[in-house]
Amino acid sequence: MIPSNPRDTHPLRPTTRILTEGFDPSLSVGSARPAVFRSSTYVFSSPEAAEHAFDVAAGRASVRQGETVDLIYSRFNHPNAEILESQIVNLETEATAALAFNSGMAAIMTSLLGFLRPGQSLIYTIPIYGGTQHFIQNFLAKWGIAGIPVHAGRGDLLDASIRSTENLGAVLIETPANPTLVMTDIRRACSAVAARTRSAAGERPLVMVDNTLLGPAFQHPLALGADLTLYSGTKYLSGFSDMLAGIVLGREPHLIERIRPLRGLFGNILQPDECWMLSGRLPTVRLRMNRASKNAQRIAERLEHHPGVKRVLYPSLLEDAAQRRIYEQQCDFPGAMFSLELEGGKAAAFDFLRRLHIARNAVSLGGVESLACHPKTTTHSGFTEQEFAEAGITDGLVRVSVGIEHWRDLLDDFEQALRER
Ligand SMILES: *Cc1c(COP(=O)(O)O)cnc(C)c1O
């Protein structure tokens, strides 16, 4: 018998679902692609519907299956955020719910504040994004939440601190680490959390993964047991270095619902125009990431043997056996970021950046255009000498975010920039 609905036997794949699900043209006067709804407030269908919408928003009533609740006010929710969120869950393996924020930092901060309480601890891998580190060390600490850093790649230390930390509220993993591309084993961290005895209320710490560098195309934390994935949508998701955005995705909707009221209070929801822009970029995330990753791999593997290059830090070139194993089990492809450690220290790194014609000297990553920067004096300049040494961020290290230009042109450009003058 031929099944009436092909999905009964073959669930659609993410690249199809991103174009077919999460947007209903009949709610946008039939337009084939989403419209922009630039309104700060919404007209209620009746006073009773308004009362019910407020009851739902305040948690006094729950939404019945299939019911649509009137929109209230755009700081809480608006159609373009709803469209974006219901589309993006299709890209993240095992995600059921999402929230859009006006930056990656807004997504990270609001998620941490949604779950952590004074007196609790937060374990986090280092090196971690500079803003995240600053928030944990200089802000959360003042609110009575202790940050416990653990070096990326030290699964033994991560296990031990997950086992022994009292009042552990959450574990925040950023993998691979930036700019060293050191890997943390997500599944192993989730097992360590699951092995802890639960609190009297039956709660366990949450595992959150900043998946900005390899997701959603090449790394799937929710399928490995993580509770939430966090994104700077500014990077690969939007992909053109022309907007800021942040996304949180969860396997269980109730976790996302714990964060939503804080977003409404803080007012850090992504605005309608930006939601619409990001929605339009989602169908090409995998195309862009695939091309950029193939480019980066070809270039990294060739530069590895260049006499001006001491070391290339890149997932497919990992030498440490444990690191290789994590990469092979956890990542589908190596991604589009690599770091070059140049012979000749800071002067060589600066000369290299000055001589590049195609890649531009800028921070950020994940755009269709290639960017390069010197982490020690820019993105990571707040580190102490000890932190530099522990993270492996040297004077000669240059970080490259490879774009979708032709890889041979990029390789030629890197090679001419490496040439002795
Ligand atoms: C850029 C970035 C962030 C912060 O995102 P914004 O959109 O700049 O707020 C967080 N984590 C990682 C890994 C990033 O690369």
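Visitor: Which helix gives the largest share of the lining of the largest pocket?
Guide: This is a predicted model. Four elements each supply at least two residues of that lining: helix 2 (47-57), helix 3 (79-88), strand 1 (97-101) and helix 8 (253-266). Seven residues make up the largest share, and they come from helix 8.

Visitor: How much space lies in the largest pocket?
Guide: Its lining counts 41 residues. Val-69, Leu-71, Asn-77, Glu-82 and Arg-260 lie nearest the centre. The space in this pocket is about 1,800 Å³.

Visitor: What is the volume of the largest cavity?
Guide: The structure holds one cavity of 30 Å³ or more. Among the residues lining the largest cavity are Tyr-236, Arg-288, Val-368 and Ile-404. Its lining has four nonpolar, three polar and one charged residues. The volume of the largest cavity is about 30 Å³.

Visitor: Turn to the ligand. Which residues around the ligand come nearest?
Guide: Around the ligand stand 13 residues. By class they are five nonpolar, five polar and three charged. Those that come nearest are Met-105, Asp-210, Ser-232, Thr-234 and Lys-235.

Visitor: Which helix supplies the largest share of the shell around the ligand?
Guide: Look at the count by element. The largest share is three residues, from the stretch 104-115. That stretch is helix 4.

Visitor: How far is an oxygen atom of the ligand from an N or O atom in the side chain of Lys-235?
Guide: Polar contacts here are N or O pairs within 3.5 Å. Ser-232 places a polar side-chain atom 2.8 Å from a ligand oxygen. Met-105 uses its backbone instead, with an N or O atom 2.8 Å from an oxygen of the ligand. For the Lys-235 side chain, the distance to a ligand oxygen is 2.7 Å.

Visitor: How much of the ligand does the protein bury?
Guide: Start with the ligand taken alone. It then exposes 380 Å². The protein buries 93% of that.

Visitor: How many helices and strands are there in the protein chain?
Guide: Count the two kinds of element separately. The strands number 12. The helices number 14.

Visitor: Why is the chain said to be as compact as a globular protein of that length?
Guide: The C-alpha atoms fill a box of roughly 75 × 50 × 50 Å along the principal axes. For 421 residues, the globule rule gives 22 Å. The chain is as compact as a globular protein of that length because its radius of gyration is close to that value, at 22 Å.

Visitor: Which residue does a cis peptide bond join to Pro-127?
Guide: Pro-127 sits in the loop between strand 2 (121-126) and helix 5 (130-139). Omega of this bond is about -5°. The partner of Pro-127 is Ile-126.

Visitor: What is phi of Ser-241?
Guide: Ser-241 is found in the loop between strand 6 and strand 7 (246-250). Its phi is positive, though Ser-241 is a residue other than glycine. The value is near 50°.

Terms used. Residues are numbered from 1 along each chain as its sequence is written. This is a predicted model: local features need pLDDT of at least 70, side-chain atom pairs count only at pLDDT 80 or more; totals for chains, interfaces and linings use all residues. Side-chain values use heavy atoms; hydrogens and water are left out. A residue is near a molecule or strand if one of its heavy atoms lies within 4 Å of it. A polar contact is a pair of N or O atoms within 3.5 Å; within protein, one must be able to donate a hydrogen and the other to accept it, and residues adjacent in sequence count only if both atoms are side-chain atoms. Accessible areas come from the Shrake-Rupley method with a 1.4 Å probe; for residues, only the protein chains shown count as cover. Ala, Val, Leu, Ile, Met, Phe, Trp, Tyr, Cys and Pro count as nonpolar, Asp, Glu, Lys and Arg as charged, and the others, Gly among them, as polar. On a 1 Å grid over the protein atoms alone, a cavity is a set of points where a 1.4 Å probe fits but cannot get out, and a pocket is an open set with protein on both sides within 12 Å along at least five of seven lines; lining residues have an atom within 4 Å of a point. Grid points are joined across faces, edges and corners, and a volume is the space filled by probe spheres set on the points. The radius of gyration is taken over C-alpha atoms; the globule rule is 2.2 Å times the number of residues to the power 0.38.
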